[in-house]
Amino acid sequence: MAGTLAEAHLMLQLLGESGVRGKILNQYSQGGVGDLAATEVLPEVWVYRDDDETLARKVIKSYHRVDLEKVRVCKSCGESNPTTFELCWQCSGALEE
Ligand SMILES: [Zn+2]
């Protein structure tokens, strides 16, 4: 499964709910502490603290059980969003069922 930016945003949200702070790196960016999921998700999601890496990997493991077939398509910009999102990650527009 090729990663998408939407999936990266979902991962970051899930990590945030678990208290892990991180950021999304595009392939041209450099830096970060934990080299996380480079082979699992593209673009890469990085965590700020090494201590968070174990927890982050657990979150990502559970993330892979999320049904990615279900998406909400933003009416404003047409971007696909995970069903858990209430706002479009791309344009911050409200997502409806
Ligand atoms: Zn949108």
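The chain has two helices and four strands in its secondary structure, where helices (H or I, at least four residues) and strands (E, at least two) are DSSP runs, numbered from the N terminus. Read from the N terminus, the order of the elements is α-β-β-α-β-β. Please note that this is a predicted model: local features require pLDDT of at least 70, side-chain atom pairs count only at pLDDT 80 or more, and totals for chains, interfaces and linings use all residues. Residues are numbered from 1 along each chain as its sequence is written.

Let me turn to confidence. The mean pLDDT of the chain is 75, and 70% of the residues score at least 70; pLDDT is the predictor's confidence in each residue, from 0 to 100. Confidence is lowest in β2, with a mean of 79, and highest in strand β4, residues 80-82, with 86. Two stretches call for caution. Residues 27-33 have a pLDDT under 50, and the model gives them eight contacts beyond four places in sequence. A contact requires that the C-beta atoms of two residues, placed from the backbone, lie within 7 Å. Residues 37-41 also have a pLDDT below 50, with nine contacts in the model beyond near neighbours in sequence.

Next, the chain overall. Of its 97 residues, 23% are buried. The term buried means that 20 or more other C-beta atoms lie within 10 Å of the residue's own; a residue is exposed with 12 or fewer and partly exposed in between, the C-beta atoms being placed from the backbone. Among contacts with a separation of 6 or more, 35% link residues 24 or more positions apart.

Which residues form the largest nonpolar core? Ten residues do: Ala8, Leu10, Met11, Leu15, Val20, Val45, Trp46, Val47, Ala56 and Val59. Three elements each supply at least two residues of this core, namely α1 (5-17), β2 (44-47) and α2 (53-63). The largest share, four residues, comes from α1. By nonpolar core I mean a set of buried Ala, Val, Leu, Ile, Met, Phe, Trp, Tyr and Cys residues joined through C-beta atoms within 7 Å. In soluble globular proteins, nonpolar side chains tend to be buried together.

I now take α1 by itself. The buried residues in α1 are Glu7, Ala8, Leu10, Met11 and Leu15. Why are they on the same side of α1? They lie on the same side because they cover an arc of only 160° around the axis, the arc being that of the directions from the helix axis to the C-beta atoms. Turned away from that buried side is a face of α1 that carries the exposed residues Gly16 and Glu17. The length of α1 is also consistent: at 1.5 Å a residue, its 13 residues should span 18 Å, and its end C-alpha atoms are 18 Å apart, which agrees. The expected span of a helix is 1.5 Å times one less than its number of residues. Just after α1, Gly19 has a positive phi of about 85°.

Leu15 is buried because 22 other C-beta atoms lie within 10 Å. Leaving aside neighbours within four places in sequence, Leu15 is in contact with Val20, Gly22, Val47, Ala56 and Val59. From C-alpha to C-alpha, Leu15 and Val59 are 6.4 Å apart in space, although 44 residues apart in sequence.

The strand β2 comes next. Glu44 and Trp46 point one way from β2, Val45 and Val47 point the other way, and all are buried. Strand β1 (residues 22-25) and β2 run antiparallel and are joined by four bridges, where a pairing requires that DSSP finds at least two bridges between the strands. The bridge partner of Ile24 in β2 is Val45.

Where is Asp52 placed? Asp52 is in the loop between β2 and α2. Asp52 counts as buried because it has 20 C-beta neighbours inside 10 Å.

Finally, two serines. Ser80, in strand β4, is partly exposed, with 17 other C-beta atoms within 10 Å. Beyond its neighbours within four places in sequence, Ser80 is in contact with Ala6, Val71 and Val73. Ser92 is in the segment after β4 and is exposed, with 10 other C-beta atoms within 10 Å. Its phi is near 65°, a positive value in a residue other than glycine. Most residues other than glycine have a negative phi.
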